[in-house]
Amino acid sequence: MGLGNPFEDPLRFERGAPPCSMVIFGANGDLTRRKLVPALYRLAHERLLAPGFAIIGNSRTALSDDAFRAKMRESVAEFLEGEALDEGVWASLARSLFYVAGDVQDSALYARLREKLEQIEGQFQTGGNAVFYLATHPTQYAIIAGRVGDCGLAHGAGWRRLVIEKPFGRDLLSARELNGQLQRAFAESSIYRIDHYLGKETVRNILALRFANGIFEPLWNRRYINHVQITAAESIGVEGRGAYYQEAGALRDMIQSHLLQVLATICMEPVAVWEADAVRDERAKLLRSIRIMKPEDVARNAVAGQYGPGRIGGEAAPGFRQEPGAAPDAQTDTYAAAAFFIDNWRWAGVPFYLRSGKRLPRRATDAVVQFNAAPHALFSSLSGDGGPASPNLLTVRIQPDQGISLRFLSKLPGDAMRLRPVSMDFNYGASFGPRQSWDYETLLLDAMRGDSTLYIRQDAVEASWAAVQPILEVWSDQRLDFPNYPAGSWGPKAADEMLARYGHVWRNP
């Protein structure tokens, strides 16, 4: 049974979005179809969109409003991840969908957008509030922001905000250039740089785990924590995007953005008040504390990999150089691992190992905190158990199964003092039910509400690029011996050797 018109429900949550328009550049792209509009539908389903909400899609393809609505309905039905489409909710949302065709480099497009925004402001009472969402190729970010600013759309009767997707540049220099270009049209406070990992429930829960519980934060330092591993493993290859991925690579695509943001969330200092600027100050301060590698450090503390032919799930998988669009001599890193150190009082001397790769045995993202062993192995002489091979671990499972696990040693039943590792597990689905908010739901709602807590500020972007810049430079000057791991394995042998130099081993999800 339908829920009626969700936009007119007086019981909408207080956290609902204010009236506004959302202009989506790149409305025919995969991001819009797979993530943005399905997330907006879910917000409508939860009655979190205001009655005065409207979407204006843009791309070069000529479409009528009705054709755009039909296309988006197909996308929502396809990408709801097993949920049934509520026709009543969709009908209400569809009435707020509009489409304006045009090339983003054409100044005439922005005149048509201005006209459409004014029309919608009168029809939906948006108060002139607008979000400009750039779901386009990164090379178009500066062009669109500049055109929006030149035609006066960056300012209006209400607030105006700009949302852009990663990557925010290709290196430190280009990131600074992009920031300067965006800030010529929008104030920094109006620029929302989205990294969807920060919207994931389990990543957000790291802050609650640390700062809402008295049992973890006293141990959250170099005295008790031995090291931390953050892994983002994918079993898929480049999925037909060989040409794109050839220009990105795992270090840029995953470690510089997603995994360093997870690292910052794990390691940042507590905030005095829960406010966006306070949280972002601490996250940026942590990223600035990462030790910058010297060129001679890169060989010891960073490993590049590229998958060759292999087998996954019993089926043959091609190497990266055999993927459509990839060059036969491509130097792309489809795997990257790095050991980072944080030079502050809390974390001095603790290694943080980050890795990400494609064509690994399974899809899983987690963060594993390994604690130091007890100062005296009291029971090891009695049973031979409970030694260094069974450390205490706190594992934060980010995807696909969200949850937290704490591993510790327990006595086996019987008269002998024999120990075995056991785990206490928290699973999101079991505790809170199967329906959880998607990362894009959370982040879109926050952008409309003006809450930038989970968005990345300019200084944090530049600090994360600074952390990987020496690795990028050294790798760009080398001819890497690729491929160096078969599809279906856990990566190159050199990554295992990197940890072995510090006396550690990877803990595979």
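Biologist: Where is the place of R359?

Modeller: R359 is in the loop between β13 and β14 (364-371). Those labels number the DSSP runs from the N terminus, where a helix is H or I over at least four residues and a strand is E over at least two.

Biologist: What am I looking at, then?

Modeller: This is a predicted model, in which local features need pLDDT of at least 70 and side-chain atom pairs count only at pLDDT 80 or more, while totals for chains, interfaces and linings use all residues. Residues are numbered from 1 along each chain as its sequence is written, and side-chain values use heavy atoms, with hydrogens and water left out.

Biologist: Why does R359 count as buried?

Modeller: Buried means under 20% relative accessible area, exposed means over 50%, and partly exposed is in between, using a 1.4 Å probe and protein chains only. R359 has 15% relative accessibility, so it counts as buried.

Biologist: What makes the phi of R359 worth a mention?

Modeller: Its phi is positive, about 60°, although R359 is not a glycine. Most residues other than glycine have a negative phi. R47 has a positive phi as well, near 60°, and is not a glycine either. You'll find R47 in the loop between α1 and β2.

Biologist: Which peptide bond next to P400 is cis, and how do you know?

Modeller: Look at the bond from Q399 to P400: omega is near 0°, and the bond is cis. P400 is in the loop between β15 (393-399) and β16 (403-411). Another cis bond joins F482 and P483, with omega about -10°. P483 is in the loop between α15 and β18 (485-486). Most peptide bonds are trans, for comparison.

Biologist: How do you know that β12 is mostly covered?

Modeller: Count the residues: 7 of the 7 in β12 (residues 335-341) are buried. Y335, A337, A339 and F341 point one way, A336, A338 and F340 point the other way, and all are buried.

Biologist: What makes β12 and β13 a pair?

Modeller: Two strands pair if DSSP finds at least two bridges between them. β12 and β13 (residues 351-357) have 7 bridges, in the antiparallel sense, and A336 stands opposite S356 in β13. β12 also pairs with β8 (residues 302-305), again antiparallel, over 4 bridges. There, G305 stands opposite Y335.

Biologist: In what order do the strands of the open sheet run?

Modeller: The open sheet has 6 strands in the order β3-β2-β1-β4-β5-β6, and the pairing is parallel.

Biologist: What makes β3 and β6 edge strands?

Modeller: β3 (97-99) and β6 (191-194) each pair on one side only. From one strand to the next, the twist averages 20°. Helix α1 (residues 30-45) packs on this sheet, touching β1 (20-25), β2 (53-58), β4 (130-134) and β5. Its direction makes about 170° with that of β1. As for the pairs, β1 and β2 have 6 bridges, with S21 opposite A54 in β2. β5 (residues 160-165) and β6 run parallel, joined by 4 bridges, and E165 stands opposite I194.

Biologist: How do you know that β1 is mostly covered?

Modeller: In β1, 6 of the 6 residues are buried. C20, M22 and I24 point one way, while S21, V23 and F25 point the other.

Biologist: Why are α7 and α9 called roughly parallel?

Modeller: Axes are lines fitted to C-alpha atoms, for helices over the stretch in contact, and angles run from 0 to 180 degrees between N-to-C directions. Under 35 degrees counts as roughly parallel, over 145 as roughly antiparallel, 65 to 115 as roughly perpendicular, and the rest as oblique. Helix α7 (residues 201-211) and helix α9 (residues 250-267) pack at about 10°, with axes 9 Å apart, and are therefore roughly parallel. Their contact, meaning heavy atoms within 4.5 Å, is made by V203, I206, L207 and R210 of α7 and V262, T265, I266 and C267 of α9.

Biologist: And why are α6 and α15 called roughly antiparallel?

Modeller: The axes of α6 (residues 172-183) and α15 (residues 458-476) cross at roughly 165° and come within 9 Å, so these helices are roughly antiparallel to each other. Among the residues making the contact are L172 and R176 of α6 and W465 and Q469 of α15.
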